[in-house]
Amino acid sequence: MQLIVRDATREEEVRQQLERAARELERLNLMKNSFLGLASHELKTPLTIILGYVELLLNEMSERLDDGTREMLRHIGRASDRLAEIVRDMVDVSMLDNRTLELMSQEISANNLVGNAVEKSQDAVRQRRQKLHLELADELPSVRCDQERMTQAISNILGNAIKFTPDYGLIRIRTRLVMRPRLPEKFATEGIDGVCAVDNSLYPYVEIAVIDSGIGVAKHEQETIFDKFYEVGDVEEHSSGKVAFKSRGAGLGLTIVKGVVDMHGGAVWVESPGYDPERFPGSTFYILLPAIPPSAADSLA
Ligand code: ADP
């Protein structure tokens with residue numbers, strides 16, 4: 001009898017501890033979200049002023065400055081541009097959190113989205129002397145999406161592939177049509193209390209895969225890297241710079257990718273044999289987007 005009573009008391013204690021921990025996590029998460037919103041808002045104005053004055057000094061008053069000062073100003077300009085990018089990412093994550101991010105939907109080929117992202121990354125690929133191979137499927141059905149946001153998502157993934165692949169490494173981008181059951185979690189969010197209908201039919205999805213030959217992602221981090229501010233390894237070891245090998249940002253890039261892809265009813269995930277900065281096992285990031293079935297596309301035309 002005594003044992004049973006003791007067990008029940010212990011169980012109750014554990015339950016209360018877990019509830020306390022969950023409340024604390026929820027509180028921390030809320031703090032992180034409001035920090036994001038507030039910081040991004042407060043940083044925007046002073047940054048715009050810094051960037052404005054740097055531009056003014058370099059363009060309008062350049063002849064009054066000596067070479068050394070001009071070079072220093074260029075440094076300030078580059079650093080402020082980088083900071084402005086981080087603030088933009090913070091604003092995006094904050095909008096995704098508050099569900100205030102607006103999408104402009106249009107019908108577009110996934111190959112065009114890849115083309116846009118590749119164009120933006122050409123300089124970085126050249127700088128790192130990497131090879132970029134495109135394996136784009138012919139006659140892919142279109143997807144309905146916000147062109148700018150989806151290009152941003154693919155660019156973030158491609159940017160990471162460039163950063164985490166050594167010089168002279170190979171990066172491939174592949175698009176193809178896959179037929180698969182509907183993504184269950186999307187169904188669940190539409191249903192009541194996460195109940196989803198059993199449906200064996202297959203639906204067309206466009207898969208965009210970015211395959212790199214870089215340092216890889218450890219199995220236990222393959223989900224967490226999509227979390228806000230998540231950085232793998234020791235921050236002290238990170239190199240700075242936007243395209244330098246193993247350079248890190250604020251840890252928001254993949255959070256934006258996931259938020260944007262989720263809003264489109266798609267999915268994003270990574271597959272990698274593991275993390276090995278000496279042997280470079282590589283990683284493959286997949287984006288799956290619902291395709292417009294050919295019959296629907298005909299009726300839209
Ligand atoms: P960041 O802007 O700091 O790179 P991300 O959200 O884009 O943030 O990525 C989070 C982390 O995931 C990175 O710091 C890196 O450790 C890991 N990561 C992302 N992409 C890759 C990749 N292609 N190969 C290896 N690690 C990656």
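What follows is a working chat about the structure shown above.

Colleague: Before we start, what kind of model is this, and how are residues numbered?

Modeller: This is a predicted model, in which local features need pLDDT of at least 70 and side-chain atom pairs count only at pLDDT 80 or more, while totals for chains, interfaces and linings use all residues. Residues are numbered from 1 along each chain as its sequence is written, and side-chain values use heavy atoms, with hydrogens and water left out.

Colleague: How many helices and strands does the protein chain have?

Modeller: The protein chain comes to seven helices and seven strands, where helices (H or I, at least four residues) and strands (E, at least two) are DSSP runs numbered from the N terminus. Read from the N terminus on, the elements follow the order α-α-β-α-β-β-α-β-α-β-α-β-β-α.

Colleague: And what share of the residues is buried?

Modeller: Of the 301 residues in the protein chain, 38% are buried; buried means under 20% relative accessible area, exposed means over 50%, and partly exposed lies in between, with a 1.4 Å probe and protein chains only. As for contacts (heavy atoms within 4.5 Å), among those with a separation of 6 or more, 79% come from residues 24 or more positions apart.

Colleague: Let's take helix α3, how far does that one reach?

Modeller: Helix α3 covers residues 110-127, which is 18 residues, and reaches 26 Å from its first C-alpha to its last, close to the 26 Å expected at 1.5 Å a residue. The expected span is 1.5 Å times one less than the number of residues in the helix.

Colleague: Where does α3 bend?

Modeller: The bend is at Ser121 and comes to about 50°, taken as the angle between axes fitted to the seven residues ending there and the seven starting there. Ser121 is also one of the buried residues of α3, which include Leu113, Val114, Ala117, Val118 and Val125.

Colleague: What covers those buried residues of α3?

Modeller: The cover includes the strands β1 (106-108), β2 (131-136), β3 (143-145), β4 (170-180) and β5 (203-211), together with helix α4 (147-163).

Colleague: Which residues of α6 are buried, and what covers them?

Modeller: In helix α6 (residues 253-263), the buried residues are Leu254, Thr255, Ile256, Val257, Gly259, Val260 and Val261, and what covers them includes α2 (67-98), α4, β6 and β7. Just after α6, Gly265 takes a positive phi of about 75°.

Colleague: Switching to aromatics, how many pairs are there?

Modeller: The structure holds three aromatic pairs, counted for rings of Phe, Tyr and Trp (its six-membered ring) with centres within 6.5 Å, where planes under 30 degrees apart are stacked, over 60 edge-to-face and the rest tilted. One of them joins Trp269 and Tyr286, and this pair is stacked because the ring centres are 4.9 Å apart and the planes lie at 15°. Trp269 belongs to strand β6 (residues 267-271) and Tyr286 to strand β7 (residues 284-290), so the pair links distant parts of the chain, 17 residues apart.

Colleague: Which arginines lie over a tyrosine face?

Modeller: Arg180 lies over the face of Tyr205, at 5.8 Å from the ring centre, and Arg182 lies over the face of Tyr203, at 4.2 Å. A charge sits over a ring if NZ of Lys or CZ of Arg is within 6 Å of the ring centre and within 35 degrees of the ring normal.

Colleague: Last one, where is Arg99, and what is its phi?

Modeller: Arg99 lies in the loop between α2 and β1, and its phi is near 55°, a positive value in a residue other than glycine. Arg99 is exposed, with a relative accessible area of 77%.
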